[in-house]
Amino acid sequence: METEEAWSSIESSVDNILQSMEAYRRNAYKYGFGLGLLLGCIAALVLYIVSQNVALTLTIGIAVWLITFILTLALAFVKLDKRYKKEIMPILTATVCPNATYDAKLGVDISSFFASGIFKQHANEVLANEDGIRGNVGDVSFVFCESHLAYSEESIVNGKKKKNNVRHFDGMVLDLTLPQSTSDNAILTTLSTIEGMALAYTKLRPDNTAFGKLFSTYSTSDTLPAIAEQAKQNIVDLYNTIKQNMGESDMTVSFWNNKILIVVPNFKNRFEAKILSSLKIKRVYEDFAIINEMGKIATAFSKYL
């Protein structure tokens, strides 16, 4: 389904939930400010009676107010975020793919990152996933999520061992499983280098299309797999949606065996509520547009089989 058409079918439902959440967010500011002021004044009064120190009294009073205010907002954010994931995300998910399920802790298996040839595996790799959507379109099953991949490495500084944590990847991932294997392996990317790509891959000559201008293509043969050729425009559409709604300009797609992995580096947390700014319908639409485009590309691959 086209994004605008799909969005119009759920916009009013999402907006009703969002308005309720925004009212709660605003009240949290008022409540936190008032409670903090009350506790700060009480603390300041007690301290002044005991110490008669004006400077210390003001400092402690302000500190109690600020700490109370921050804690109130932090607790409000936790509640808002839980509600966003419990009430809004399932609506977005069901609209994209009726049989899909949403799980805040669901995600891609770590083996897909390295089997794809996109990433070089380091020692002590750790993967954390969030905001996972799992489903199937025809014979194609998919998992979409935000992933955070990291590893640790040791270095010697002034004769002492120092452990550094390295962020390997942060962003969105779509993992597709096909019912049959592709003829060859291929990697399509906007990046200049791919760290995990094996020597068996060779760079193909770009064509004079929108796809060829955006993506460098590598294959284990002198052509792309047929399914990759068919999906060029879908990949361009996905790239444009991501760039428009996220501001990101890099994307990599890997085809190997019966798998396709699409990765988009992104350091922003998507699919969650906000506490420091208004909860706007435009932000939810951006989340939906990205999810919907992922669903559309899964649908496209199911048709090309």
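I began with the interior face of α2 and listed its buried residues as V14, I17, L18, M21, E22, R25, A28, G32, G36, G40 and A44. The model I am reading is a predicted one.

I then looked up what covers these buried residues of α2, and found that the cover includes α1 (3–8), α3 and α8.

I checked the dimensions of α2 next. Helix α2 spans residues 11–51, a run of 41 residues. From first C-alpha to last it reaches 58 Å, close to the 60 Å expected at 1.5 Å a residue. Just after α2, I noted a positive phi of about 60 degrees at Q52.

I turned to the packing of α3 against α8. Helix α3 covers residues 54–96 and helix α8 covers residues 281–304. I recorded an angle of about 40 degrees between the two, with their axes 9 Å apart. That angle makes α3 oblique to α8.

From α3 come Y84, I88, M89, L92, T95 and V96, and they meet V284, D287, F288, I291, N292 and G295 of α8. By class, I found eight nonpolar residues, three polar and one charged in the contact of α3 with α8.

Last, I examined E293, which lies in helix α8.

Terms used
Residues numbered from 1 in each chain as written. Predicted model: local features only at pLDDT ≥ 70, side-chain atom pairs only at ≥ 80, totals over all residues. Heavy atoms only, no water. Axes fitted to C-alpha atoms, helices over the stretch in contact; angles between N-to-C directions. Helix = DSSP H or I, 4+ residues; strand = E, 2+ residues; numbered from the N terminus. Parallel < 35°, antiparallel > 145°, perpendicular 65-115°, else oblique. Contact = heavy atoms within 4.5 Å. Nonpolar A, V, L, I, M, F, W, Y, C, P; charged D, E, K, R; others polar. Expected span 1.5 Å × (residues − 1). Buried < 20%, exposed > 50% of the residue type's maximum accessible area, 1.4 Å probe, protein only.
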